[in-house]
There are 4 protein chains.
Amino acid sequence: MLTIHDFRTVVENYKIVFFDAFGVIKSYNGLIPGIIQTFDYLAETGKEYYIVTNDASRSPMQLAQTYHRMGFHAVQHDRIISSGMLAKEYLDLKVNDGIVAYLGTENSAHYIERSGLQALPVSAIDEGNIDQVNALVLLDDEGFDWFSDLNKTVNILRQRTIPAIVANTDNIYPVSGSNNVSIAIGGIATMVESIVGKRFIRFGKPDSQMFMFAYDLIREKRTISKKEILMVGDTLHTDIIGGNKFGLDTVLVLSGNTLPDDAETRIRSTGIVPTFVCEKAVV
Amino acid sequence: MLTIHDFRTVVENYKIVFFDAFGVIKSYNGLIPGIIQTFDYLAETGKEYYIVTNDASRSPMQLAQTYHRMGFHAVQHDRIISSGMLAKEYLDLKVNDGIVAYLGTENSAHYIERSGLQALPVSAIDEGNIDQVNALVLLDDEGFDWFSDLNKTVNILRQRTIPAIVANTDNIYPVSGSNNVSIAIGGIATMVESIVGKRFIRFGKPDSQMFMFAYDLIREKRTISKKEILMVGDTLHTDIIGGNKFGLDTVLVLSGNTLPDDAETRIRSTGIVPTFVCEKAVV
Amino acid sequence: MLTIHDFRTVVENYKIVFFDAFGVIKSYNGLIPGIIQTFDYLAETGKEYYIVTNDASRSPMQLAQTYHRMGFHAVQHDRIISSGMLAKEYLDLKVNDGIVAYLGTENSAHYIERSGLQALPVSAIDEGNIDQVNALVLLDDEGFDWFSDLNKTVNILRQRTIPAIVANTDNIYPVSGSNNVSIAIGGIATMVESIVGKRFIRFGKPDSQMFMFAYDLIREKRTISKKEILMVGDTLHTDIIGGNKFGLDTVLVLSGNTLPDDAETRIRSTGIVPTFVCEKAVV
Amino acid sequence: MLTIHDFRTVVENYKIVFFDAFGVIKSYNGLIPGIIQTFDYLAETGKEYYIVTNDASRSPMQLAQTYHRMGFHAVQHDRIISSGMLAKEYLDLKVNDGIVAYLGTENSAHYIERSGLQALPVSAIDEGNIDQVNALVLLDDEGFDWFSDLNKTVNILRQRTIPAIVANTDNIYPVSGSNNVSIAIGGIATMVESIVGKRFIRFGKPDSQMFMFAYDLIREKRTISKKEILMVGDTLHTDIIGGNKFGLDTVLVLSGNTLPDDAETRIRSTGIVPTFVCEKAVV
């Protein structure tokens, strides 16, 4: 039988807490009730937080603003680590010039705009400029026409030997309605990858680079051991196995993707074992 | 080194020839030059033909008409075996009543229309009728809005424990333009299947049922050995491995998916070995 | 909630019954209690049976004898359809001469011994005879040294462009002990296939050819509709989806791989829906 | 056409060089000819090196000794980063007590021996101690009986919900003989993982943690930018995509897994593009 732990009792033993966003802090309905008091508690007790999210749909600044608009003012943009930031770092280090074609909204394209690079939606690529395309980034499932732009994406990758970067590894995300979901860009990426037969570069949990990015930000300020960090998430295949592999203690919360009735079965069938299970991330 | 055989010399030794359609008989440009004389030769020498195609976009009758319009009058509709016919047989045997939801054009829906069943496009499914949906069929990549209807498909399959049938196993098909392709419904099906985590039922080559369907039509008329049948196709992963597995001798033609320069490498790397390789299916 | 049907009430409506062997007729403990009276009932009521099994470890004759030794005399060898028989048919039709290398026991090699072919265990292949090897067949998980012969198998398939045939698609099979299993040759085949990157030819349920083989035997004697055949199995991924796809009504029994407590969850999560669920195949 | 660069010209522009071991520094025949002068050149020009290897068969100290015995004295054990070290870090952080069962040689077990943990080969696990097994580590393909111990491994993972750690992600490794290979523990791990249906934790290139481990060692001593590091490897799927993803410039050498004749085709078909291609890592 699954033991359900009290979140406050668990969190007391750590100095730093990493939170997943969707299903932990917020849902499609808004904030998870009680999450504001959790962040107040962290501030009072001198614990640091980071939000580690597979969300490349907008910048950390814009993500922070969506929290502020919901009345959750404690969230600072420089404590948000998004998978889009890793895609950006990759482009900074590895792509010097030319066009970066993307699938996603204009907001998401923020991650690829910098001097030397021209961000163009896939729909704007044609025979006249395809030879200048030096990378293709899959950022978000919205902002483009699936039929014409996914077919175009396949053909760009057949013509050009360039890196294809996926800035969000999720397959689905929850939307309003009874247990409904939407296909995320990670699911689309897997289809395109298998059709073109090429290997894509994926950023996002469970990959260690997400955790390393946050860990490095902390270490710039002070010495820390991985034993002092707790990762809190609602998804076994991203948050929990990723946190475990990076060497962190992990909490599975039951306020998102993993339902209370399924938690035990899923842990046993996947072999992905969180250090603790809590109802939600609320003290 | 790959030996290229003369098609007429090969075909002389068989009584019945199975042809794949796309890349063998026709391309996006129209008929493969010389194919009409091949069928004339078959008629003169008393050899039977069947066209065995992963095409569920329209009925055998409609498929035959497209050949007739191109001046290729030898093709009879009752010699065309399409993967859609297997999907239809499945529905006949296994689904007695209710709604069959589909992705595809109205033409493709022909395969699911019969007494007792109501064919509705996925876009027409809502909370009022979802409980009557008893099967979902993926027929064609056109005729629906990818964004809204693929998301809806995922949610129908999350809510209903019903069979999902894929009537075309191809991932891509060639379109006009320099070596360009389109994503086929088989590629889309694989994405949806992996997202919902359920097992779909696939009809089409390389599955044996396609070959069996043609083989049964022949046996209704007379006794035949598999040794007397030749399968001709342009794709190793569907036509050739499927034909081989069913026990037929196989010809790989280089007029479609497999380019002359790649044939040897692909045969060696996949381990899928045709009995013969010919330039095209032209005598 | 899952409805459990009475097996006799279900079987009354069919003229022919296909049975899986392991988990339906027998277990590692011997016969499933009551199975003899089921076969008596079938004989009394004039219903035909076939045993359709992914077992290539010995010939139908030998398989029948193991039943006879357990006191189950009703089983006739010509009513047993094994995946090994399909491998044999493939070799008959497609491999004319040379050596067929195999992994398995000497008993299993029976399926590849015939005029014109020399059956040699993989361990007997060396630089002197490798050029005559024209096919490789994976028959059984016993009868060879895994370390040396699996490594040798990989290297044979890297050197020779020949068909690799898998005569049993199962990944595991139950052995005595508390819920223990053994790795089957199908699981080993998947590893070797992914390591050499070539496409293997697999015979066994859920593939239609297994069902077609039995169906053809029946049709040689008389006319039959698929609606008159019932497939009984304990495994969703082989017996049930295979039977469904072939167009048969299916019974999932809970005496083998699928445990009573898991049945409902597994049906819902895989989307593989049997026509009926029964406790066991006992009238 | 593929441009082949001169290794010395390339390496001049970097301060630190990461080397893969097998196929770059050594082969099954011994050292790659000329590699000693490469390391002399690095020492003379004040460039640092690290050896980043998916080899968990022995400790860095033992690995260094094998180089010394071949007359290659420049290699220091503290410059060798093995995937076994990451497995060790994982156990240090995440497994507090009990038995760690392993597949591999006694040498490889070095990575799991520390206070609080008891390292036992899988063959030594039985009903008396299985309840104390808190992790299972796959270290090496030698040192155990494949048949009995792989079957036992499957059953341990069916009975216990514990992490399974793979300390080497490679599928194969070259051995002497004409282009021959052996199955590596990574290939075995994939089979066991798919059979038990659980998610394993993998350490080794292309995973970022390997590169991060080396990168952290450097940063303890001084400030460095990823732009100043060059990764040299012979394998696209591990060295090159891993290095690329971590943000490093990469060199593909043609002295190991990737043959000169195949390099261009493989780069184009996988979409994994090294920054440079050199014949070998020799100045």
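Guide: One definition first. Two residues are in contact if their C-beta atoms, placed from the backbone, lie within 7 Å. Keep in mind that this is a predicted model.

Visitor: With that cut-off, through which surface do chains B and C meet?
Guide: Take the interface residues of chain C and look for them in chain B. 100% of them are also interface residues there, so the copies meet through the same surface.

Visitor: How many residues does each chain bring to the contact of chain C with chain B?
Guide: Count each side on its own. Chain B brings 29 residues. Chain C brings 29 residues.

Visitor: Which elements of chain C give two or more residues to the side that touches chain B, and how does that side divide by class?
Guide: The elements are helix H4 (83-94), helix H7 (208-221), helix H8 (236-246) and helix H9 (263-270) of chain C. By class, the side of chain C that touches chain B has 11 nonpolar, 9 polar and 9 charged residues.

Visitor: What kind of axis relates chains C and B?
Guide: Superpose chain C on chain B. The turn is 180 degrees, the shift along the axis is 0.0 Å, and the RMSD is 0.0 Å. The two copies are thus related as by a two-fold rotation axis.

Visitor: Which C-alpha of chain C is nearest that axis?
Guide: The distance to the axis is 3.3 Å. The C-alpha belongs to Ser208(C).

Visitor: Now chains B and A. What rotation superposes chain B on chain A?
Guide: The RMSD of this superposition is 0.0 Å. The shift along the axis is 0.0 Å. The rotation is 180 degrees.

Visitor: What percentage of the contact residues of chain B recur in chain A?
Guide: The same surface serves both copies. The share that recurs is 100%.

Visitor: How many residues of chain B are in contact with chain A, and which element gives the most?
Guide: 19 residues of chain B are in contact with 19 residues of chain A. Helix H6 (146-159), strand E11 (181-183) and helix H7 (185-196) of chain B each give two or more residues to that side. With 7 residues, the element that gives the most is H6(B).

Visitor: Which helix gives the most to the side of domain 1 that touches domain 2 in chain A?
Guide: In chain A, 9 residues of domain 1 are in contact with 10 residues of domain 2. One helix gives 3 residues to the domain 1 side, the most of any element. That is helix H8 (residues 208-221) of chain A.

Visitor: Over to chain D. Which strands are at the edges of the open sheet?
Guide: The sheet has 5 strands in the order E7-E6-E8-E9-E12 (chain D), with parallel pairing. An edge strand pairs on one side only. The edges are strand E7 (117-121) and strand E12 (201-202) of chain D.

Visitor: Which residue of E9(D) stands opposite Leu138(D)?
Guide: Strand E8 (residues 133-138) and strand E9 (residues 164-166) of chain D pair in the parallel sense over 3 bridges. Opposite Leu138(D) stands Val166(D).

Visitor: Last stop, H8(B) and H9(B). Is their crossing left-handed or right-handed?
Guide: The axes of helix H8 (residues 208-221) and helix H9 (residues 236-246) of chain B come within 9 Å and cross at roughly 65 degrees. Ser208(B), Met210(B) and Phe211(B) meet Gly242(B), Gly243(B), Lys245(B) and Phe246(B). The crossing is right-handed.

Note on methods:
Residues numbered from 1 in each chain as written. Chains lettered and ligands numbered in written order. Predicted model: local features only at pLDDT ≥ 70, side-chain atom pairs only at ≥ 80, totals over all residues. Helix = DSSP H or I, 4+ residues; strand = E, 2+ residues; numbered from the N terminus. Nonpolar A, V, L, I, M, F, W, Y, C, P; charged D, E, K, R; others polar. Least-squares fit on C-alpha atoms with pLDDT ≥ 70 in both. Pairing = 2+ DSSP bridges. Axes fitted to C-alpha atoms, helices over the stretch in contact; angles between N-to-C directions. Left-handed = near helix turned anticlockwise from the far one by under 90°.
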